[in-house]
Amino acid sequence: MLRVPVGGQRLDILEWLRDPAAHFPPECHGSLVDGVETAALAAKLGVSHAVARTHLDLLVGIGLLRARRIGRRTLYCRDEYRIAEVRSLFEKGW
């Protein structure tokens, strides 16, 4: 969890997913409330799908994002409860 984000990309992902409607076009299938697809995040980051998945898998693994499969798509959204827990740990001095 304490790895430095590569060029701030993981922090960017967390920031964009705070308000996905402000950072991503409306999805064709579903709404941004359900989450954002890997392809949209990869395009916004300007990286390949595989690189985006690496960042997303790490953020899901440490619990800052939630992934939800809908058919063949995986949608990602922030886990606000977990983010608040982590923030609290750092504010308390760990």
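Colleague: Is Leu56 buried or exposed?
Modeller: Leu56 counts as buried, because its relative accessibility is 0%. Buried means under 20% relative accessible area, exposed means over 50%, and partly exposed lies in between, with a 1.4 Å probe and protein chains only.

Colleague: What kind of model is this?
Modeller: This is a predicted model, in which local features need pLDDT of at least 70 and side-chain atom pairs count only at pLDDT 80 or more, while totals for chains, interfaces and linings use all residues. Residues are numbered from 1 along each chain as its sequence is written, and side-chain values use heavy atoms, with hydrogens and water left out.

Colleague: What is the mean pLDDT of the protein?
Modeller: The mean is 84, and 84% of the residues reach 70 or more. The pLDDT is the predictor's confidence in each residue, from 0 to 100.

Colleague: Back to Leu56. Which residues does Leu56 touch?
Modeller: Leaving aside residues up to four places away in sequence, Leu56 touches Ile13, Thr38, Leu41, Leu65 and Tyr76. Contact means heavy atoms within 4.5 Å. The C-alpha atoms of Leu56 and Leu41 are separated by 9.1 Å, and the two residues are 15 apart along the chain.

Colleague: In which helix does Leu56 lie?
Modeller: Leu56 lies in α4. Helices (H or I, at least four residues) and strands (E, at least two) are DSSP runs, numbered from the N terminus. Helix α4 has 13 residues and reaches 18 Å from its first C-alpha to its last, close to the 18 Å expected at 1.5 Å a residue. The expected span is 1.5 Å times one less than the number of residues.

Colleague: Which residues of α4 are buried?
Modeller: Ala52, His55, Leu56 and Leu59 are buried in α4. They lie on the same side of α4, because they cover an arc of only 95 degrees around the axis. That arc is taken from the directions from the helix axis to the C-beta atoms. On the other side of α4, Ala50 and Gly61 are exposed.

Colleague: What do the buried residues of α4 pack against?
Modeller: They pack against α1, α3, β2 (65–70) and β3.

Colleague: And in α3, which residues are buried?
Modeller: In α3 (residues 38–45), Thr38, Leu41, Ala42 and Leu45 are buried. These residues are on the same side of α3, because their arc around the axis is only 100 degrees. Their packing partners are α1 (9–18), β1 (36–37), α4 (49–61) and β3 (73–78).

Colleague: What follows α3?
Modeller: Gly46 follows α3, and its phi is positive, near 75 degrees. Just after α4, Gly63 also takes a positive phi, of about 90 degrees.

Colleague: Changing topic: how many aromatic pairs does a search of the whole structure find?
Modeller: The search finds 1 aromatic pair. Trp16 and Phe24 form the pair, which is edge-to-face, at 6.3 Å centre to centre and 85 degrees between the planes. Rings of Phe, Tyr and Trp (its six-membered ring) pair if their centres lie within 6.5 Å; planes under 30 degrees apart count as stacked, over 60 as edge-to-face and the rest as tilted.

Colleague: Is Trp16 buried or exposed?
Modeller: Trp16 counts as buried, at 14% relative accessibility. Phe24 is buried too, with a relative accessible area of 5%.

Colleague: Which charged end sits over the ring of Trp16?
Modeller: The charged end of Lys44 does, 5.2 Å from the ring centre. The criterion is NZ of Lys or CZ of Arg within 6 Å of the ring centre and within 35 degrees of the ring normal.
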